[in-house]
Amino acid sequence: MSEQSNIESILTESRVFEPPQSFDERIGGAYIPSLDAYEELYKRSIESPDEFWAEVADELDWFEQWNTVCSSDFPDVKWFEGGKTNLCHNCVDRQINMGHGDDLAIIWEGEPYNGTPEIRQLTYHDLHAEVCRCANALKELGVNKGDVVTIYMGMVPELAIAVLACARIGAPHSVIFGGFSSQAIADRVEDAKSNIVITCDGSWRRGSVVPLKDNVDVATELTELIDTVLVIKRCNNDISWQEGRDVWWHDICDQQDEDCQCESMDAEDMLFLLYTSGSTGKPKGIMHTTGGYMVYTYLTSKWVFNLIPGKDQVYWCTADVGWITGHSYIIYGLLPNRVPTLMYEGAPNFPEPDRFWDIVERHKVTQFYTAPTAIRAFMKWGDEHPSKHDLSSLKVLGTVGEPINPEAWMWYREVIGNNACPIVDTWWQTETGGHMLTPLPGATPTTPGSCTRPFFGIDAAVVDDDGNEVGENEGGLLVVRKPWPSTLRGVYGDRDRFIDTYFARVDGMYLAGDSARKDERGNFWIMGRIDDVINVSGHRLGTMEVESSLVSHDSVVEAAVVGVPHEIKGTGIAAFCTLASGCQPSEELKDALRKHVGEEIGAIAKPDILKFTDALPKTRSGKIMRRLLRDVAAGTDSNQDVTTLEDFTVLAKLRDEE
């Protein structure tokens, strides 16, 4: 047995919730109506994957039929080889061709709210015209099939339009999240060998302008590759301008023809690059291709969220398109399913902490998909904010981005879902392209904190270093043993890093990089990144379980746990806790929390260091930057990349308290 598989898994969760009996009639019928139906279809998807995925692919449009469904194996997987299609066509033109051009495609709401919200609605006809104009403008600017287009924008409709325009003309897009720095832009431009950037003058965030164009200007001084900057006028903020390089969107796009032929793309042609940033080393450019990604995001969107066109559904994913969640579950998975996708520009607490619930009520959102970190923030702000609003339109709740603590899950279910909405706790990655482990809302019994079962075609397992499955509730490496359609196709320009990161450690399997366990019901539990496992006196503890134990105490709404050097134990446990409204920091509370963890997990899991903080260092996407907390806990200076840190004052305050 490997060292990795010897991870303590003592924290237990026994609550089980069957899909609500009223779900079928409230949503208009469940695609997968029972656990038996899931298990039967899952077995077929594993035993006859070519047949299963061919049937799904046949629901979409292809210009030429594929020769094989899946050919080769890890790491060099190919799906629908020989097939020709275009994902923009399947997102937009296909709906128009079926007579649904006047159906609503995108609902957009801007952040500023002076009594009347700023809203734009685009039908499929509208979207087609806008995408074609943008595509023709890109061609006029010299973009050809195969050229990488960098996109660095706020959450405005033109972001989705630009993404689809790139797909339409066969130019892979590299979307950079608007919270990244100028250096991060330059690094990604250099790696992708991109010479055009699409940006905005600025974007709104908590009432202030994020200076996107200014950041691009600085990036142009850090790399010589950028020779064209296409700028959307959003905030009307003052910006510098370089003639011959900078072009206004409205000047070039508005004059273009509203028709642009879709490029015929091979199924294995690259659709986009998306960079993942690690704690060390340069970001990895994850490559996804057209056919398999299209098929997989279409089906996961349809079945995980139970999307039914024509049933007055409105779907809202609160992520940014700068992350994979926005790629797959705002644009590419949603539009082919013909359910309106809502985009929101700003922060969840501007101008007031009830902004999200106000949006849900006004737009009658039926499927709501957000991150656990946002849910914990909602908890901290108080139940009075969602209670002001009618949330009865909600039918399915989802979580994404990191494991969710059981108590946050319960709050989400009770306060937001009124105990009537199934929760789909989804585990997946930039590299996977789509959902891998997830409940299905009409079929899967759910347990707070568990992402439950594999999606169809996903042969997931928890193994030791030799690839052998470990026992029930025994921690190990989370792997996938068979290719799936949206498998990443490589790290751009770095074959060795691709192999070493994902396929070298466990022979013949995709290594997710997460520690996990599988319980007696067959449900998966994510215990944290492999690097987040703490070895305390020879006991290996998953950080997620210690964090969940802390959050289960009434006084704590959010916790982050990291390892810290300890002269006796080797590694000790440092916990950073954000308290619930009305709770005050004290030594007595620290003692109570340590005792609580000891009762929940065992004495070995009691934090050696416990700090209270008003906020935790997070990225703009809401992920806790635990690697920075390790430096704080150890009292060392950090030389790590902090370009994605949203609020630098949080880190400064933590250091000042040392």
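The largest nonpolar core of this predicted model has 140 residues, and Trp53 and Tyr332 have the most contacts inside it. Helix H6 gives the most to this core, with 10 residues. A second, separate core has 28 residues, including Val365, Met379, Trp411 and Tyr412.

Leaving aside neighbours within four places in sequence, Tyr332 is in contact with Leu87, Cys91, Val163, Leu164, Ala167, His173, Leu271, Phe272, Tyr293, Thr297 and His327.

H6 covers residues 157-169. How many of the residues of H6 are buried? The count is 13 of 13, so the helix is mostly covered. The length of H6 agrees with expectation: at 1.5 Å a residue, its 13 residues should span 18 Å, and the end C-alpha atoms are 19 Å apart. Gly170 follows H6, with a positive phi near 75 degrees.

**Aromatic pairs**

The whole structure holds 42 aromatic pairs.

| Pair | Centre distance | Plane angle | Type |
|---|---|---|---|
| Phe305 and Tyr369 | 4.8 Å | 70 degrees | edge-to-face |
| Trp484 and Tyr510 | 5.4 Å | 75 degrees | edge-to-face |

Why do the rings of Phe305 and Tyr369 count as edge-to-face? Their planes stand at 70 degrees, and planes over 60 degrees apart count as edge-to-face.

The Phe305 and Tyr369 pair links distant parts of the chain, 64 residues apart. Phe305 sits in the loop between helix H10 (290-304) and strand S17 (315-317), while Tyr369 is in strand S19 (residues 367-370). Phe305 is buried, with a relative accessible area of 2%. Tyr369 is buried too, at 0%.

The Trp484 and Tyr510 pair also links distant parts of the chain, 26 residues apart. Trp484 lies in the loop between strand S23 (476-480) and strand S24 (490-491); Tyr510 is in strand S25 (residues 510-518). Both residues are buried.

**The seven-stranded sheet**

An open sheet of seven strands runs in the order S6-S5-S18-S17-S19-S20-S21, with mixed pairing. Which strands stand at the edges? They are S6 (117-123) and S21 (423-425); each has a single partner strand, so one side of each is left without a neighbour in the sheet. Neighbouring strands are turned by 20 degrees against each other on average, direction ignored.

Strand S5 (residues 104-113) pairs with strand S18 (residues 341-344) in the parallel sense, over four bridges. Trp108 stands opposite Met343 in S18. Helix H5 (residues 124-140) lies across S5 and S6, and runs at about 90 degrees to S6.

Key
Residues are numbered from 1 along each chain as its sequence is written. This is a predicted model: local features need pLDDT of at least 70, side-chain atom pairs count only at pLDDT 80 or more; totals for chains, interfaces and linings use all residues. Side-chain values use heavy atoms; hydrogens and water are left out. Two strands pair if DSSP finds at least two bridges between them. Helices (H or I, at least four residues) and strands (E, at least two) are DSSP runs, numbered from the N terminus. Axes are lines fitted to C-alpha atoms, for helices over the stretch in contact, and angles run from 0 to 180 degrees between N-to-C directions. Contact means heavy atoms within 4.5 Å. The expected span of a helix is 1.5 Å times one less than its number of residues. Buried means under 20% relative accessible area, exposed over 50%, partly exposed in between (1.4 Å probe, protein chains only). A nonpolar core is a set of buried Ala, Val, Leu, Ile, Met, Phe, Trp, Tyr and Cys residues joined through side-chain atoms within 4.5 Å. Rings of Phe, Tyr and Trp (its six-membered ring) pair if their centres lie within 6.5 Å; planes under 30 degrees apart count as stacked, over 60 as edge-to-face and the rest as tilted.
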